[in-house]
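Have a look at the sequence and the 3D structure below.

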There are 2 protein chains.
Amino acid sequence: MTANATDQSTEEKIKEAARKIFLQKGFAGTKIRDIADEANINIALLNYYFRSKEKLFDAIFDEALAELLSGMFAILNDKSLSFEEKIIKAVNSDIETLKKSPFLPNFVFNELNSKVDKIVQKFPNVLEFDNVHFVEQFNAGVAQGKYRNIHHEHVYACMQGMILQPFIEKSMFCFQHQGKSAEELEVLFIEFVDNHKQIVIDMLLNYLVIR
Amino acid sequence: MTANATDQSTEEKIKEAARKIFLQKGFAGTKIRDIADEANINIALLNYYFRSKEKLFDAIFDEALAELLSGMFAILNDKSLSFEEKIIKAVNSDIETLKKSPFLPNFVFNELNSKVDKIVQKFPNVLEFDNVHFVEQFNAGVAQGKYRNIHHEHVYACMQGMILQPFIEKSMFCFQHQGKSAEELEVLFIEFVDNHKQIVIDMLLNYLVIR
DNA sequence: AATATTTTTAAATACTTGTTTAAATCAAAT
DNA sequence: ATTTGATTTAAACAAGTATTTAAAAATATT
């Protein structure tokens, strides 16, 4: 298998199509024929480039998991930022990521149900809270009386929950605004999540930071 | 088709098994043979009592959607409760519901992606925000300067997001506490969500209610 | 230009899976 | 006891689906 321009292009075409279908329909709901159609290629090519549906899925899933989490964890680990700055940056950057890939959270956390054991091996160090700078800063601030004395897992849960909700429950948002066209709906939704950023930040800091 | 004790029992057995499998694996990921095995019955019985996999799924899904949302909306519509009381009661009751059915949110919101149009018909009145008493109370309070001036959709998004997050990302919680046994993990998780209740309530009221 | 290698295709294969059939079992009614 | 109807079962069916095969086409190498 060489790696000239044509190869890259077909392999990329397959991955792009696979990503689109998998993210919307999940592993079980996706037929490789749908992917082949979306990519305008022969089904046998899927097994030529990737060895099976499962291997192709794994490639997509790994990237999706990284896309969903590594950006946020990079910010939470950035030692040049204060606790408050981390929250502001994480919320803004995460929502920007999700605007580009609204299906990401539903896809990842749904598939994760059946693969908890798998990721334990794959992300050995990155996702452990105790080593994250954000947590150290928060615990130190709690000790100083600067921040409210709760367990750091609640901070993450609240932040992450408020960030993800609009995307996970996007169908509910569509339901609330039924009657609108798909384009109008999209504009409204983007407007909503953009406004949501500041509210999430304010709600977190207002509660966590003792004035 | 009579309705004696035996009938009820088998039909219930099927529904119970179907619920368990569907909630964990979704529609596409569920094989009717898995359901039959779980219920210890013949596959043909599924089509005898329910006419198809899809009809059986619809029965399960409708109940799941109601279980996830109608309890909360009943509270948000209870005119005997103040705005603050509604938040307190909704958070507590919702988390209690989810403790019993942790897969509910992932299941419902994932399947909803492919069925937005369907539910529009099924829940015509219940789920419209504008008619909900909670929203009226909040908007009135905003006008009086009692509550912070944000759009009510953000209030729902924050509350719902913080409530659901532990359950949607339960796999992440398991990841954080790897090494523990399944029983220990369950105890820890329940402890976490129980503590989470008060934090969600405090965070919401602390931000929304202007003192 | 000829050969070898990689890429692509159409078709076949083997397996899964939802549904149906037709017979067997069971329960109630006459 | 026999008949009737409902329930259950094993087996067959038909459609769908992931994967493989073997040949063709395209590309690179000599």
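In what kind of pairing do the side chains of A:Lys99 and A:Glu96 meet? They meet in a salt bridge, 3.0 Å from N to O; the term stands for a side-chain nitrogen of Lys or Arg within 4 Å of a carboxyl oxygen of Asp or Glu. Before going further, bear in mind that this is a predicted model, where local features need pLDDT of at least 70 and side-chain atom pairs count only at pLDDT 80 or more, while totals for chains, interfaces and linings use all residues. Residues are numbered from 1 along each chain as its sequence is written, chains are lettered from A and ligands numbered from 1 in the order in which they are written, and side-chain values use heavy atoms, leaving out hydrogens and water.

Back to that pair. A:Lys99 and A:Glu96 both sit in helix H5 (residues 83–100) of chain A, three residues apart, or about one turn of the helix. Helices here are DSSP runs (H or I, at least four residues), strands are runs of E (at least two), and both are numbered from the N terminus. An α-helix has 3.6 residues a turn, so residues three or four places apart point the same way. A:Lys99 is partly exposed, with a relative accessible area of 23%, and A:Glu96 is partly exposed too, at 28%. For these words, buried means under 20% relative accessible area, exposed means over 50%, and partly exposed is in between (1.4 Å probe, protein chains only).

The pair also belongs to a network of salt bridges that links A:Glu96, A:Lys99, A:Asp194 and A:Lys197. Over all chains, the search finds 16 salt bridges. Here are some of them:

| Pair | N to O distance |
|---|---|
| A:Lys99 and A:Glu96 | 3.0 Å |
| B:Lys99 and B:Glu96 | 3.0 Å |
| B:Lys197 and B:Glu96 | 2.5 Å |

B:Lys197 is buried, with a relative accessible area of 13%.

Now for a whole chain. Chain A has eleven helices and zero strands. Of its 211 residues, 49% count as buried, and its C-alpha atoms fill a box of roughly 65 × 45 × 30 Å along the principal axes.

How do the two chains relate? Chain A can be laid on chain B with an RMSD of 0.1 Å by a turn of 180 degrees and a shift of 0.0 Å along the axis, superposed by least squares on the C-alpha atoms of residues with pLDDT of at least 70 in both. The two copies are thus related as by a two-fold rotation axis. A:Gly161 is the residue of chain A that comes closest to this axis, at 2.1 Å (C-alpha).

The contact (heavy atoms within 4.5 Å) takes 47 residues from chain A and 47 residues from chain B. There are zero salt bridges between the two chains. H9(A) gives the most to the side of chain A that touches chain B, with eleven residues.

What about cysteines? There are zero disulfides over all chains, counting pairs of cysteine sulfur atoms within 2.5 Å. The sulfur of A:Cys158 is 9.8 Å from the closest cysteine sulfur, in B:Cys158, too far for a bond.
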